Amino acid sequence: MGAGQDVGRSCILVSIAGKNVMLDCGMHMGFNDDRRFPDFSYITQNGRLTDFLDCVIISHFHLDHCGALPYFSEMVGYDGPIYMTHPTQAICPILLEDYRKIAVDKKGEANFFTSQMIKDCMKKVVAVHLHQTVQVDDELEIKAYYAGHVLGAAMFQIKVGSESVVYTGDYNMTPDRHLGAAWVDKCRPSLLISESTYATTIRDSKRCRERDFLKKVHETVERGGKVLIPVFALGRAQELCILLETFWERMNLKVPIYFSTGLTEKANHYYKLFITWTNQKIRKTFVQRNMFEFKHIKAFDRAFADNPGPMVVFATPGMLHAGQSLQIFRKWAGNEKNMVIMPGYCVQGTVGHKILSGQRKLEMEGRQVLEVKMQVEYMSFSAHADAKGIMQLVGQAEPDSVLLVHGEAKKMEFLRQKIEQEFRVSCYMPANGETVTLPTSPSIPVGISLGLLKREMAQGLLPEAKKLRLLHGTLIMKDSSFRLVSSEQALKELGLAEHQLRFTCRVHLQDTRKEQEMALRVYSHLKSTLQGHCVQHLPDGSVTVESILIQAAAHSEDPGTKVLLVSWTYQDEELGSFLTALLKKGLPQTPS
Amino acid sequence: MAAHLKKRVYEEFTKVVQQQQEEVATKKLRLTKPSKSAALHVDLCKAACPADALQYLLQFARKPVEAESVEGVVRILLEHYYKETDPSVRLKIASLLGLLSKTAGFSPDCIIDDAINILQNEKSHQVLAQLLDTLLAIGTKLAENQAIQTRLVDVACKHLTDTSHGVRNKCLQLLGNLGSLEKSVTKDTEGLTARDVQKIIGDYFSDQDPRVRTAAIKAMLQLHERGLKLHQTVYNQACKLLSDDYEQVRSAAVQLIWVVSQLYPESIVPIPSSNEEIRLVDDAFGKICHMVSDGSWVVRVQAAKLLGSMEQVSSHFLEQTLDKKLMSDLRRKRTAHERAKELYSSGEFSSGRKWGDDAPKEEVDTGAVNLIESGACGAFVHGLEDEMYEVRIAAVEALCMLAQSSPAFAEKCLDFLVDMFNDEIEEVRLQSIHTMRKISNNITLREDQLDTVLAVLEDSSRDIREALHELLCCTNVSTKEGIHLALVELLKNLTKYPTDRDSIWKCLKFLGSRHPTLVLPLVPELLSTHPFFDTAEPDMDDPAYIAVLVLIFNAAKTCPTMPALFSDHTFRHYAYLRDSLSHLVPALRLPGRKLVSSALSPNIAPHEDPSQQFLQQSLERVYSLQHLDPQGAQELLEFTIRDLQRLGELQSELAGVADFSATYLRCQLLLIKALQEKLWNVAAPLYLKQSDLASAAAKQIMEETYKMEFMYSGVENKQVVIIHHMRLQAKALQLIVTARTTRGVDPLFGMCEKFLQEVDFFQRCFIADLPQLQDSFVDKLLDLMPRLMTSKPAEVVKILQTMLRQSAFLHLPLPEQIHKASATIIEPAGESDNPLRFTSGLVVALDVDATLEHVQDPQNTVKVQVLYPDGQAQMIHPKPADFRNPGPGRHRLITQVYLSHTAWTEPCQVEVRLLLAYSSTARIPKSPWIEGGEGPPQVDTSIEGAIPFSKPVKVYIMPKPARR
């Protein structure tokens, strides 16, 4: 429903072994009409969503992953459980509220979700811990893995029986200043749904990036210019804050750094709180000093934007499409001393995307034309995995197949080829609204009766691990349970009589002697060849080998030919066919 | 005579006592032996339930068992083992058997049959595993016995098919530890159970239990450690295990691959996907590199560490580890490093602001891009960016080792190391700075790299800054701007952290002497001289100015044109600095200047070392002196001591020798002076007052000898003999003085006894060196020993007195390398006027920072002493972790001293100084006599002494009375 060959509006519906799970419920930044939310009517035309969906999982708090949640649960109507991690649960409503304010108060949109709806929606949330296996119902279980990207971002494994899906959400394989790297164990899911924002990029080492960033900021500030860094309120913003904060401290700089207020303070509070979700360094040092207690970074006031002198401002939102960052951008764009640093990805259609692609004249609302003189820099600080990182994750998880979402189609195509080539697994990249059906080969557990197992044990050697073994038995399928029992027991249970199946075969042998003699010769021949079997000569002239009966008779027409009648049951098929083959070769000529 | 008799009796008595004690002890042991096993037996029989038996066994296990009684105990244990039905008790017995068989002096071959026997009947898996463990203990004890080894290996092979992983584990362990080495070929002919241990172990690489797989790999590694050459086939098996689900298996597999790659570096292996072939070591390198991005950090650390020791890897592979092919939207992109290099080589200073300078260039062929190369691509890039700092440190270490062996690689990895200077964890930063220092002779820093390096000078951590100074000492800088930049940054550092002064000066000294030609064009600017105008004379006490001068003077040493640029005051300052900071400022040949140094300098070149000669000559003069008259001898000694002291001050490299000899001569002088006292012949009662000088001399000689023995590093045994000899003379002097001053015989008797024991001790310790001491005091003393033993104290004293006078002056052979231990307290500086205020009864922490030179084993010997104004002294033992070792022979103590006192009315100063603790028995070779007995009694008095070896620093403190 979203994020198929596209970035934004992440929303994926997964049906796995009869269970329906919705992954993420995001909005699209590029649109302001109906297209910004996923089309939930797609899920089910009639009937309530709650009946159809078993659960909803939110991977992290970015609006393109959770922005449509109140709309979905309150306005469309969903009462089932919504799973997310603790930090996401804490920070998500702040962002939703902020988003609502911009949409309703600034743009005056009607028919938007209300604060109360956000609150109601959050009541349906069930928080999960990392690596905690949550049983949604008897069969469906989910488990969260660390994903890096932003505080509280998680990858989810959804498992029903032996089939499983891993949904990565957004993740980052390289650790940064405040978050660790994504990690997943070798869970071998049937399907891995991975984001692919940077499907065709392999990034340089983060240290160069950091150094470059600091150098650019430092130089601009020394020249007396102002630096605008549009960020999403949470996520990269904190990363850059920590980076600048430590740099300022080291270089002993006095230039003010501002951070646009409001939600950030609240959010920073949560960053201080959820220390366990951050990286090794912060976790280790927070006893002395919590890294998120900034010394140099102050809250921003709108009036500061006109202050003379250098300053660094972090402002939201990150793609310069609205809000404070756009306002500041307008004010500062005319001065070539100033600089704007775009630290992340910009969706097509936003101001950020335009200036990054080199446009110097922008048409703003109200037909104004804004000339951009300030320097525009792009620093890839986005915490998404690059192509190598994606491959690394695929290698870690060892899935049976991969599905790419959250990226641009032609880039995905490249990665898809690579994945198919390297790992030899099928890889899909559906567009929005497209359904991919994956055949799975589920393993079906079968109960085996102890008697049969013991009998089998007694026959053969000790069981060798990981080696297939053939054994005879009867499979009984009864009320969705499978059992393997010995045939006798099966007959008994089912109340059936045993049918005897006998094969008979005639072997013609040229021999002029009497039948009795013939039988004796056959007996002695078999006795000598079949050492390990019990060969008997019965008084009535027939020969038995185990349960196989051999009779000799004269041919009705040709007395010179004797007919050997070999008869065996189905169970002795192997020995029987061997005997006939043996007899067909003829008897050895005895020196009579 | 009576005294003699008494002594004899006493001597005999002591001997008797010792023997008796021994006898009693052995008897006791014998008595306990049977009773111990018997008690165990009784206990075990008494035990009503398994829990009780277990308790008894646990109690029993707490006490050690003597070697002789082990067998008895083992028998009893085995007996109970057969009877016991409870597996937990059997388990305990089995483990006890293992413990007992490890007892030193007990040969476990007698229980091996029983152990194997019980193994065959055992059902419980746990007990089985424990029994195998016991067998392992027995097997390792009897490593020489081939038959037993083979037998145990057979047992292990038989149980390898057990269903329990624990048993299989132990079997593999047994195989690894005992598997026969290279015997398989010879045994095959006999048709015996010659087993190819490697193959058996190799089969368990694919066991279903990860623990068993790990054990199998470990067993293989164990085989390797024991010297068995592993087959190359192991390599392929191990490679398969690299993708195991369990981290411990992968970790062990990485190790195994490394081992094999070291064994067969040159053999050729095929690349699976193509028909090419590469060297095994390269292949292994690639595989281990791949493991640097493993999911588990334990494996990553392991892999990163091992990478460092793979030196045979071809350079082409090595360089790949630093190469991560960047791309952006499918177009090839250059790394920031490459861009920086290009900018630099094009002569443009890196602006970093050019729009689109990182714009991707050529299109990448989609087919050719291999995203998850099996090769070594970017392994270090990943390793250095890892989340866990353990991995990063391991990667830095590996880089260091590889760079040391390959200069080309060193050049390449520079960028990455420089980047690591900005790591968020201090340890990593420190480690990378150290690494850089180690490889610094292979590299030259580019300006932009230097820029990043120098930025770290503002780091708040002192360790980092000092490490960086060390690094700068031995770096090659390519341009004069680089030097200028470095100087500017160092001066900035100096103003920010004045305590770094010494370290910065030293750094600039090396920087100057390494780059004279680069400093030359900077001189006018640095000295702010002007072609036409005289500029103001800079302040001579400004550390920054001194720093600049240090740089210039050191550069001028090898750059004769430089002094022409100096102005007058510079020359004056040179003379001053040459004298005050002689270790930093070299001697310069200054044209047209009649400076002391210029007069000296021509002499330095032709002669090898005049000061050394001077030292030798003056010492020889002294040693030939025993025939001179005392008056002349005294004067000569005094002059020589003065000369030596001055020499030590001037020539820092000879300071140790000069001081050492001077101290020795001073002792001799004191001894002569004391013996010269005219009052020796005066009757005792009158003598009382005048004895001060002699006894003080004796005391001082003692002190000086301790200093000689313990404060110098590099003192050899032959010097120790002389020192001890001198001390013995001092003790004799003491004895004589006391004999003269005290009345009555009783105290004297004890002292005589003590002295004679000491002589005895001396003889025992230095029996080998006695021939050296011809004609000396001790030599004569030992000759007269039988007589002394039987004489009265008064007689002894008389003999000693004459002997002291007659004894020759011993020649002190000079050691090769001798350095005086010294310490300087950098912090507290002792200049503060603000008292340190704290509430009385509570403690205040005082930061102490000191550098120690030539101190051996500072962790144990260096102590901090705090002297309070009331005479109270406190000795503080710093933690071993407080000592750092920045260079050879140098240590640094950074610690905190806790002060506390009752309330004072006004602030007062406490003295802080460093002590060198010594114990006189430490140096003497240990004889069984010392170990056995309690040692000579006089040792106890001197066993813990401490020599102050730093200037005391005064700290102003003020304990305030507690507010109520």
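**Close-up views of a predicted model**

**View 1. Residues of helices α25 and α28 of chain B meet in this predicted model.** From α25(B), the residues in contact are B:Arg501, B:Trp505, B:Leu508, B:Lys509, B:Leu511, B:Gly512 and B:Ser513. Their counterparts in α28(B) are B:Pro543, B:Ile546, B:Ala547, B:Val550, B:Leu551, B:Asn554 and B:Ala555. Sorted by class, the contact of these two helices holds nine nonpolar, three polar and two charged residues.

**View 2. The axes of α25(B) and α28(B) cross at roughly 25 degrees.** Helix α25 covers residues 501–514 of chain B, and helix α28 covers residues 543–556 of chain B. Their axes come within 7 Å. Because angles under 35 degrees count as roughly parallel, α25(B) is described as roughly parallel to α28(B). The crossing of the two helices is right-handed.

**View 3. Three strands of chain A form an open sheet with mixed pairing.** The order of the strands is β21-β23-β22. At the edges are β21 (447–448) and β22 (474–478) of chain A, each of which pairs on one side only. Strand β23 of chain A spans residues 481–485 and runs antiparallel to β22(A), with five bridges joining the two. A:Lys478 has A:Ser481, in β23(A), as its bridge partner.

**View 4. Chain A is divided into four numbered domains.** Domain 1 consists of two segments, 12–202 and 383–428, while domain 2 covers 206–378. Domain 3 likewise has two segments, 444–458 and 471–498, and domain 4 covers 502–585. The C-alpha centres of domain 1 and domain 3 of chain A lie 45 Å apart.

How values were computed. Residues numbered from 1 in each chain as written. Chains lettered and ligands numbered in written order. Predicted model: local features only at pLDDT ≥ 70, side-chain atom pairs only at ≥ 80, totals over all residues. Heavy atoms only, no water. Axes fitted to C-alpha atoms, helices over the stretch in contact; angles between N-to-C directions. Helix = DSSP H or I, 4+ residues; strand = E, 2+ residues; numbered from the N terminus. Parallel < 35°, antiparallel > 145°, perpendicular 65-115°, else oblique. Left-handed = near helix turned anticlockwise from the far one by under 90°. Contact = heavy atoms within 4.5 Å. Nonpolar A, V, L, I, M, F, W, Y, C, P; charged D, E, K, R; others polar. Pairing = 2+ DSSP bridges. Domains from an automatic or database assignment.
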